[in-house]
Amino acid sequence: MSKILEDLKYAVSHEWVSVDDNGVATVGISDHAQEALGDIVFVELPELGITVNAKEEVAVVESVKAASDVYSPLTGEVTEVNEALLDAPETVNSNPYDNGWFFKIAISDEAELDELMDADAYADHCDEE
Amino acid sequence: MSYPKNIRPPTVGKRTPLYQQHVNAGAKIVDFAGWDMPISYGSQIEEHNQVRHAAGVFDVSHMTVIDVSGTDAEGYLRYLLANDVAKLKELGQALYSAMLQTDGGVIDDLIVYRMSFGYRIVVNCATRDKDLAWMGSQADGFEVTVTERPDLAILAVHGPSSIETASALLDETKGKTVAELKNFRGAELGDWFIARTGYTGEKGVEFIVPAGDVANLWEQLLAAEVKPIGLGARDTLRLEAGMNLYGQDMDESTSPVISNMTHTIAFEPADRDFIGREAVTDDLAAQEQGKLPKLVGLVLEGRGVLRAGQTVSTDRGEGQITSGSFSPTLKHSIALARIPSGSLTCQADMRGSATDVRIVQPNFVRFGKKVFE
């Protein structure tokens, strides 16, 4: 059974979001997602400073099995990317919710957060797949 | 995140005698040609490395064992197979061969062993039905009996320490046999058959045993620190070893000549009539004139992973990747691809950008080491 953290928000496309007090969102992929992908061997990250739209493909995660797009759950400016993943992509497998984060966004539309799922709704979503 | 299409929950299919042992070992079970098989028990890369550095065990009981006996067994197989079983001078000797259609298309690839009763053939699991049908249809006029052996299970133990570990846990006779067997040889010991004909590019030994004996052997191997390895790692190991996978790198629509299998066709003696002979003789001549493609190795040293089905472009035209993955040993992507003969340069479309890839001999890793230049 994959791990779902209570205090995070989740997108239907299996990204998680954690928002801090300054309106900056950290984004990664869920434990369920990394488990489905298997061993991750390459990660591509968005460019710093670009503006991304909600549901836009902004990163790539490539496992032994397949390449998958990672979508931005929110609209905003990319303020930080986790460059450590470029050399250690397996961190996404071992720590999807902390060291395995992908990028941070300065949110431009907080209302979009309401469209994301809480942990219970996401658990149901995973069960349905 | 977009979900890859090849990741699907399992359905209930055929099961090997070790299904419960796989579940107990934490396997992720997938459907493989109608069988519920372990794709991995955790990390596919760790399993791959386990086989390259120590020893792992694969349950390949889904593969089909077919015994051929009768006074015409040799003559029948010399006609049926592209390689020549007359090369098998001694009991236990093994041969890799294609089984061809009249037009040269590959029906299957297989290993054939010379046995006390005749010959034993191990074919792929997904091709079982058509193989048996074809073998039956070609037996007219030969005094042979073709018998499937679903009562047998197969374990493959591979890795640099596989022989030593396996031989230490068996009884004296079997242990001695495992320790002394040469590569591409097998030995019949009662109702056990032990052989050294692997699919990983490492040392290894296969046990073809009665289904009732396999659980005990599995438990003994695990107790000796031999780790269970899933089909996922089996695929990356065989790709690193440059070995074809039936249905992916060759099938009925491809000649063995364009599948890097020419060396497995016995053209000599010239008077041996085998199914597909005329077609592959023509194919070979056409390839030498540059009219047919060939199966080569590709190497991408940068980021990204080459995938089966991807189109590549060379200085001689277009080609296609037949198998592609990340190589855990080399830590970059490798692939098998069918490209125009004589191609010198090759590019693959990596997410929109044309990226140079190197053309190499289709053999990447042997005994844990890189083998191409």
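Helices (H or I, at least four residues) and strands (E, at least two) are DSSP runs, numbered from the N terminus.

What does B:L295 touch, leaving out residues up to four places away in sequence? The list is B:N244, B:D249, B:I258, B:S259, B:N260, B:T322, B:L336, B:A337, B:R338 and B:P362, where contact means heavy atoms within 4.5 Å. B:L295 and B:M261 are 34 residues apart in sequence, and their C-alpha atoms are 9.0 Å apart in space.

## How to read this model

This is a predicted model, in which local features need pLDDT of at least 70 and side-chain atom pairs count only at pLDDT 80 or more, while totals for chains, interfaces and linings use all residues. Residues are numbered from 1 along each chain as its sequence is written, chains are lettered from A and ligands numbered from 1 in the order in which they are written, and side-chain values use heavy atoms, with hydrogens and water left out.

## One face of helix 3

Which residues of helix 3 of chain B are buried? In this helix, residues 73–80, they are B:A73, B:Y76, B:L77 and B:L80. Seen down the helix axis, these buried residues fall within an arc of 90°, so they line one face of helix 3 of chain B; the arc is that of the directions from the helix axis to the C-beta atoms.

## Salt bridges inside chain B

A salt bridge is a side-chain nitrogen of Lys or Arg within 4 Å of a carboxyl oxygen of Asp or Glu. Over all chains, a search of the whole structure finds 21 of them. One of these joins B:E202 and B:R52, with the closest N and O atoms 2.9 Å apart. B:E202 lies in the loop between strand 11 (192–195) and strand 12 (204–210) of chain B, and B:R52 in helix 2 of chain B, so the pair ties together parts that are 150 residues apart in sequence. Both B:E202 and B:R52 are buried.

Another salt bridge brings together the side chains of B:D67 and B:R149 (2.9 Å, N to O). This pair also links distant parts of the chain, 82 residues apart: B:D67 is in strand 4 of chain B, and B:R149 is in the loop between strand 8 and strand 9 (152–158) of chain B. B:D67 counts as buried at 7% relative accessibility, whereas B:R149, at 24%, counts as partly exposed. B:R149 also meets B:D151 in a salt bridge (2.9 Å, N to O), and B:D151 is partly exposed at 39% relative accessibility. A network of salt bridges links B:D67, B:R120, B:R149 and B:D151.

## Where the two chains meet

Chain B and chain A bury about 2100 Å² between them, 52% of it on carbon and sulfur atoms. Buried area is the accessible area (1.4 Å probe) that two parts lose on being put together, summed over both. Chain B gives 19 residues to the contact and chain A gives 28.

Across this interface the rule finds two salt bridges. B:R351 forms a salt bridge with A:D69, and their closest N and O atoms are 2.5 Å apart. On the side of chain B that touches chain A, the elements giving two or more residues are helix 2 (44–53) and strand 16 (317–327).

Most residues other than glycine have a negative phi, and most peptide bonds are trans. The peptide bond from B:E268 to B:P269, however, is cis, with omega near -5°. B:P269 lies in the loop between helix 8 (231–240) and helix 9 (277–288) of chain B.

B:N260, in the loop between helix 8 and helix 9 of chain B, has a positive phi, near 55°. B:N260 is partly exposed, with a relative accessible area of 29%. In chain A, the phi of A:K55 is also positive, near 70°. A:K55 sits in the loop between strand 5 (51–52) and strand 6 (57–63) of chain A, and counts as exposed at 65% relative accessibility.

Notes
Buried means under 20% relative accessible area, exposed over 50%, partly exposed in between (1.4 Å probe, protein chains only).
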